[in-house]
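Me: I am new to this structure. Please take me through it in short questions and answers.

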Amino acid sequence: MRIDILTLFPALCEEPLSQSIAGRAREAGLLDLRIHNLRDWAAGKHRVTDDAPYGGGPGMVMKPEPVFAAVESLRSPEARVILMSPQGSRFDQGRARTLALLPHLILIAGHYEGVDQRVCEHLADEELSIGDYVLTNGAIAATVVADAVLRLVPGALGDEQSAEQDSFGAGLLDWPHYTRPVDFRGWRVPDVLLSGNHAEIARWRREQALNLTRRNRPDLL
């Protein structure tokens with residue numbers, strides 16, 4: 001799988017996506033991740049990528065020319081172009097699974113007051129939001145999407161069941177996890193997890209997942 005991220009701040013994406021599962025997937029050749037500086041496609045001596053909004057108002061707006069030039073130079077026939085935007089549809093685990101099946105993603109990270117509307121209407125295939133809040137930089141959102149997607153690429157995780165057992169993998173939140181020591185400050189690991197009875201352990205985990213989901217995310221039930 002190939003993922004291209006277009007941003008004015010490549011370092012915000014590069015560091016987290018070079019660690020842990022993402023870093024290993026890249027080293028193993030399972031993922032072709034490329035992080036680009038949008039200024040490389042900006043014209044003029046000063047590589048300007050933003051300008052004041054028509055109609056007035058605070059802040060600056062990202063110009064369409066560098067974004068179009070960058071996407072058109074990177075786009076493959078099978079690429080899906082995604083603009084990270086608070087106005088986009090909500091990103092979730094189901095969308096991550098769908099995107100992980102695609103061969104090529106191009107993620108555009110907005111900044112300032114946003115991106116020229118012509119990018120939204122004539123270049124991006126869709127707009128995605130990672131939540132109902134506004135970040136300082138769209139590169140953070142693009143990194144979140146890339147990380148959620150890449151860990152679902154076959155071979156990225158050491159155990160493929162890990163993704164299925166994660167929160168949202170089966171439509172519920174994950175159950176509680178424990179490790180050594182058995183007793184920590186008087187708080188013991190539940191006896192059922194020490195029993196060796198796999199049927200009882202599975203039943204306990206299912207009950208715990210349902211209880212946690214009912215308490216914290218009833219909208220998932």
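Me: Which residue lies over the face of Phe 9?
Reply: This is a predicted model. A charge counts as over a ring if CZ of Arg is within 6 Å of the ring centre and within 35 degrees of the ring normal. Here the distance from the ring centre is 5.9 Å, and the residue over the face of Phe 9 is Arg 39.

Me: Where in the chain is Tyr 133?
Reply: Strand S7 covers 126–129 and helix H6 covers 138–150. Tyr 133 falls between them, in a loop. Its place is the loop between S7 and H6.

Me: What class of accessibility does Tyr 133 get?
Reply: Exposed needs over 50% and buried needs under 20%. Tyr 133 has 45% relative accessibility, so it counts as partly exposed.

Me: Which residue forms a salt bridge with Arg 90?
Reply: The closest N and O atoms of this pair are 2.8 Å apart. A salt bridge needs them within 4 Å. The partner of Arg 90 is Asp 132.

Me: How many residues apart in sequence are the parts tied together by Arg 90 and Asp 132?
Reply: Arg 90 lies in strand S5, residues 80–90. Asp 132 lies in the loop between S7 and H6. The pair therefore ties together parts whose separation in sequence is 42 residues.

Me: Is Asp 132 buried or exposed?
Reply: The cut-off for exposed is over 50%. Asp 132 has 67% relative accessibility, so it counts as exposed.

Me: Is Glu 126 buried or exposed?
Reply: Buried means under 20%. Glu 126 has 12% relative accessibility, so it counts as buried.

Me: Which residues are linked in a network of salt bridges with Glu 126?
Reply: A search of the whole structure finds 12 salt bridges. The network that includes Glu 126 also holds Arg 80 and Arg 95.

Me: What kind of aromatic pair do Phe 184 and Trp 187 form?
Reply: The count comes to 1 aromatic pair. Its rings are 6.1 Å apart, centre to centre, with 50° between the planes. Under 30 degrees would be stacked and over 60 edge-to-face. The pair of Phe 184 and Trp 187 is tilted.

Me: Is Trp 187 buried or exposed?
Reply: Phe 184 counts as partly exposed, at 42% relative accessibility. Trp 187 has a relative accessible area of 57%, so it is exposed.

Me: Within what arc do the buried residues of H2 fall?
Reply: Helix H2 covers residues 20–27, and its buried residues are Ala 22, Gly 23 and Ala 25. They line one face of the helix because, seen down its axis, they fall within an arc of 165°.

Me: Which exposed residues does the face of H2 turned away from its buried side carry?
Reply: This face points away from the buried side. Its exposed residues are Ser 20, Arg 24 and Glu 27.

Me: What share of the protein chain counts as buried?
Reply: The chain has 9 helices and 9 strands. Its C-alpha trace spans about 70 × 40 × 35 Å along the principal axes. Of its 221 residues, the share that counts as buried is 39%.

How values were computed
Residues numbered from 1 in each chain as written. Predicted model: local features only at pLDDT ≥ 70, side-chain atom pairs only at ≥ 80, totals over all residues. Heavy atoms only, no water. Helix = DSSP H or I, 4+ residues; strand = E, 2+ residues; numbered from the N terminus. Buried < 20%, exposed > 50% of the residue type's maximum accessible area, 1.4 Å probe, protein only. Phe/Tyr/Trp six-rings, centres within 6.5 Å; stacked < 30°, edge-to-face > 60°. Arc of directions from axis to C-beta. Salt bridge = Lys/Arg side-chain N within 4 Å of Asp/Glu carboxyl O.
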